[in-house]
Amino acid sequence: MPLYRKPLSLAFGAVLSAIAFTSVAPAAEFDLSPEQPGRIHTEKSDKAAAAISPTFKFAKEGYLTIATSPWDPPVGTYATDAKTVVGTDPDITVLIAETLGLKLDLVPVAWADWPLGLASGKYDAVISNVTVTEERKEKFDFSTYRQDVLGFYVKADSKISSIKEPKDIAGLRVITGAGTNQEKVLLEWDRENVAAGLKPIEVQYYDDSAASQLAIQSGRADAEFNPNATLAYSAAVNGRTKLVGIVSGGWPLTAEIAVATRKGSGLADAITLAINELIASGKYGEVLKKWSLTAEAIDQSHTNPPGLPKPNS
């Protein structure tokens with residue numbers, strides 16, 4: 001059975017802050033300005049634009065209205081003006097709109113609001129780190145654009161160089177999120193290890209990313225296993241951690257992130273075509289590299305691929 005630890009106390013965090021966060025220069029800088037002078041652009045594709053169904057009704061004529069829920073860098077967050085949304089998803093929306101020859105109207109929304117807004121025609125599409133599931137496919141169409149992956153991150157100078165399968169975590173102290181899919185994966189890997197006679201893991205839970213970082217830097221934990229995007233951003237910014245393995249968010253199944261559109265609206269195939277043209281031109285790869293998400297790249301976009309199964313199915 002895995003061992004469990006309670007979150008670090010504030011006192012412990014205060015003591016370690018001087019140890020873990022001094023004299024380390026940032027490894028990378030990200031532009032979070034509303035102007036985004038380095039944003040990547042592209043040209044209209046007549047082929048992709050022609051793939052839009054002639055019966056498709058846009059929320060705003062001449063515009064591609066896309067909803068997104070800013071939640072965390074690098075996927076999507078508010079810029080320094082506290083109102084402009086920047087990040088990987090916004091950059092992808094710009095490229096898709098330009099490829100389709102449309103102006104972009106990017107609308108920040110609460111995560112809980114996007115399904116109704118999309119279904120009602122308030123938005124033409126949603127790009128907000130949405131995972132393809134069989135349940136969602138009953139109401140929406142999907143055009144994939146990123147892998148849904150979880151990442152194992154360790155201290156930059158850790159001797160751990162690779163975590164690819166269950167045996168690689170045997171005996172380690174691993175941070176993860178309580179009640180999450182990554183926790184389920186971690187505990188299943190641990191169950192397999194224990195059944196095979198390997199050492200159990202020690203699972204650690206923390207209230208925030210700062211506490212997790214302190215635990216890694218102090219040696220209190222060996223690795224963190226959580227959504228790759230935010231951990232990749234942190235590693236790039238501070239240079240104190242490194243990626244040593246990725247696992248599909250739907251393990252043992254493959255999970256993909258996709259642009260959501262109204263079911264049968266006639267827009268999904270055009271968006272899929274646009275994404276594939278962006279992949280072929282290299283623009284797609286430039287965006288992921290810009291935001292340190294190369295590990296989540298796909299080779300080809302698909303319309304409505306197999307999604308994660310319904311619960312209890």
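Me: Where is glutamine 36 found?
Reply: Glutamine 36 is in the loop that lies between helix H1 (10–20) and helix H2 (46–50). Helices (H or I, at least four residues) and strands (E, at least two) are DSSP runs, numbered from the N terminus. This is a predicted model, in which local features need pLDDT of at least 70 and side-chain atom pairs count only at pLDDT 80 or more, while totals for chains, interfaces and linings use all residues. Residues are numbered from 1 along each chain as its sequence is written, and side-chain values use heavy atoms, with hydrogens and water left out.

Me: What is the phi of glutamine 36, and is the residue buried or exposed?
Reply: Its phi is positive, about 45°, although glutamine 36 is not a glycine. Glutamine 36 is buried, with a relative accessible area of 5%. Buried means under 20% relative accessible area, exposed over 50%, and partly exposed in between (1.4 Å probe, protein chains only).

Me: And what about asparagine 304?
Reply: Asparagine 304 also has a positive phi, near 50°, and is a residue other than glycine. It sits in the segment after helix H10 (283–290). Asparagine 304 is partly exposed, at a relative accessible area of 24%.

Me: Which peptide bonds are cis?
Reply: Among them is the bond from proline 73 to proline 74, with omega near 5°. Proline 74 lies in the loop between S2 and S3. The bond from tryptophan 251 to proline 252 is cis as well, with omega near 5°. Proline 252 belongs to the loop between strand S12 (241–248) and S13.

Me: Turning to the sheet, what is the strand order?
Reply: Five strands form an open sheet, ordered S5-S2-S6-S13-S7, with mixed pairing. Two strands pair if DSSP finds at least two bridges between them. At the edges are strand S5 (103–108) and strand S7 (140–147), each of which pairs on one side only. Neighbouring strands of this sheet are turned by 30° against each other on average, direction ignored. Axes are lines fitted to C-alpha atoms, for helices over the stretch in contact, and angles run from 0 to 180 degrees between N-to-C directions.

Me: Which helix packs on it?
Reply: Helix H9 (residues 268–281) does, touching strand S6 (125–131), S7 and strand S13 (256–262). The direction of H9 makes about 15° with that of S7. Contact means heavy atoms within 4.5 Å.

Me: How many bridges join S2 to S5, and how many join S2 to S6?
Reply: Six bridges join strand S2 (residues 63–68) to S5, and these two run parallel. Tyrosine 63 stands opposite lysine 103 in S5. S2 and S6 also run parallel, joined by two bridges. There, alanine 67 has valine 126 in S6 as its bridge partner.

Me: How do S6 and S13 run, parallel or antiparallel?
Reply: They run antiparallel, joined by four bridges. Threonine 131 has isoleucine 257 in S13 as its bridge partner. Six of the seven residues of S6 are buried, so S6 is largely enclosed by the rest of the structure.

Me: What is in contact with tyrosine 123?
Reply: Leaving aside neighbours within four places in sequence, the contacts of tyrosine 123 include Ala59, Thr65, Val107, Trp114 and Arg262. Tyrosine 123 is in the loop between helix H4 (114–119) and S6, and is buried at a relative accessible area of 4%. Its C-alpha atom is separated by 5.9 Å from that of alanine 59, although the two are 64 residues apart along the chain.

Me: How many aromatic pairs are there?
Reply: The count is eight aromatic pairs. Rings of Phe, Tyr and Trp (its six-membered ring) pair if their centres lie within 6.5 Å; planes under 30 degrees apart count as stacked, over 60 as edge-to-face and the rest as tilted. The rings of tryptophan 111 and tryptophan 114 have centres 5.8 Å apart and planes at 70°, so this pair is edge-to-face. Tryptophan 111 is partly exposed at 38% relative accessibility, whereas tryptophan 114 is buried at 3%.

Me: Which residues do ring pairs link into a cluster?
Reply: Phe152, Trp189, Phe225 and Trp251 are linked in this way.
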